[in-house]
Amino acid sequence: MTYKKLEEILLDTIGFIGLGTMGLPMVQNLLKAGFPVHVVSRSRGPIDKAVSLGAVEAKNPADLVEKVDILLTCLPLPSTIEEVYFGENGILSADLTGTLVIDHSTISPLLNQRVYDAITAKGGSYMDAPISGGPMGATAGTLAIMCGGLENDYERAKPVFDTLGTNLFYLGKIGNGSIAKLMNNYLIGVHTAALAETFILATKAGVDTTQLYEVLSASTGDSKMLHRIVPLVHQRDFDARFSNQLLYKDMRIAGELAKAYELDMPINKLAEQMYQQASEKYPMEDMAALFKIYEEKTGIMVKEKALD
């Protein structure tokens, strides 16, 4: 099915680069809202899906810039940012006059500043706007969006953000969105490592972890990560919603940020070390697979209570 455009409303033309597990459903929501959307991505399948819904494929990032008013990128790694922005036929090889570029990736605020300087030098505008909520939030249009940049650029982008998320945060200068996202993912890593230790110890001590999950859900130890992680571990479902590789990358960047501010973060260091192991052994599995690292070290498996 092709979504109909809302012809009675004058909407910015949107470019989108990066049709991964987050990017593709975001594009679907933009199309559903009536935005004209042009896309570039590495993988053929997501491009074909987006085109079938009404998007238009561009040849490369530079070609895309020429066709759009606002350009969104949602990319996995800093190296991908380097390629898409600074590489051959990259965003910065095009005329950016009047174009607002928004990056939804999770990267260093230092890299945000470098991209901002390069884009503004060519007459464009740039915001960092990392996202949280996972593929389910991207599909539902309920993402949290953490925005750094000029306030007038935020206001210009607001109709787009309103289409993609329900929790919008304008945090001030360039890089502040990325800092907020890195702190979120730092806590994700620490929480997951703590859950792994907790459920391994409970198993060793003979407590049924299905009951423990129920107890913690009703107690002050409750958390979103408890409900995100433990059911997947019980079901032994480690298909990537958010991979170990990506979470380790984010925790590493958070650690580098702490060093830049001359702060010692020992808890982050320990969790980062565990996620380094998970990233090396299970890079493309879900971050819940950190439990497997603990299980292999201890010889103890966290299991769901068997049905009678």
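## Terms and model

Two strands pair if DSSP finds at least two bridges between them. Helices (H or I, at least four residues) and strands (E, at least two) are DSSP runs, numbered from the N terminus.

The model you are looking at is predicted: local features need pLDDT of at least 70 and side-chain atom pairs count only at pLDDT 80 or more, while totals for chains, interfaces and linings use all residues. Residues are numbered from 1 along each chain as its sequence is written, and side-chain values use heavy atoms, with hydrogens and water left out.

## The chain as a whole

Let's start with the overall picture. The chain holds 13 helices and 9 strands. Its radius of gyration (taken over C-alpha atoms) is 21 Å, close to the 19 Å from the globule rule for 308 residues, so the chain is as compact as a globular protein of that length. That rule is 2.2 Å times the number of residues to the power 0.38. Along the principal axes, the C-alpha atoms fill a box of roughly 65 × 50 × 35 Å.

Of the 308 residues, 52% are buried; buried means under 20% relative accessible area, exposed over 50%, and partly exposed in between (1.4 Å probe, protein chains only). Contact means heavy atoms within 4.5 Å. Among contacts between residues at least 6 apart in sequence, 68% join residues at least 24 apart.

## The parallel sheet

Now for the strands. An open sheet is formed by 6 strands in the order E3-E2-E1-E4-E5-E6, with parallel pairing. At its edges are strand E3 (56-57) and strand E6 (125-128), each pairing on one side only.

Within this sheet, strand E4 (residues 70-73) and strand E5 (residues 100-103) run parallel and are joined by 4 bridges. Here Leu71 stands opposite Val101 in E5.

## Helix H13 and its neighbours

Helix H13 covers residues 290-298, and its buried residues include Leu290, Phe291, Ile293 and Tyr294. Lys292 and Glu295 are buried as well. The buried residues of H13 pack against helix H8 (176-205), H10, helix H11 (244-260) and helix H12 (266-281). Just after H13 comes Gly299, with a positive phi of about 75°.

## An exposed loop residue

Finally, look at Ala218, in the loop between helix H9 (209-217) and helix H10 (224-235). Ala218 is exposed, with a relative accessible area of 71%. Ala218 and Leu171 are 47 residues apart along the chain, and their C-alpha atoms are separated by 33 Å.
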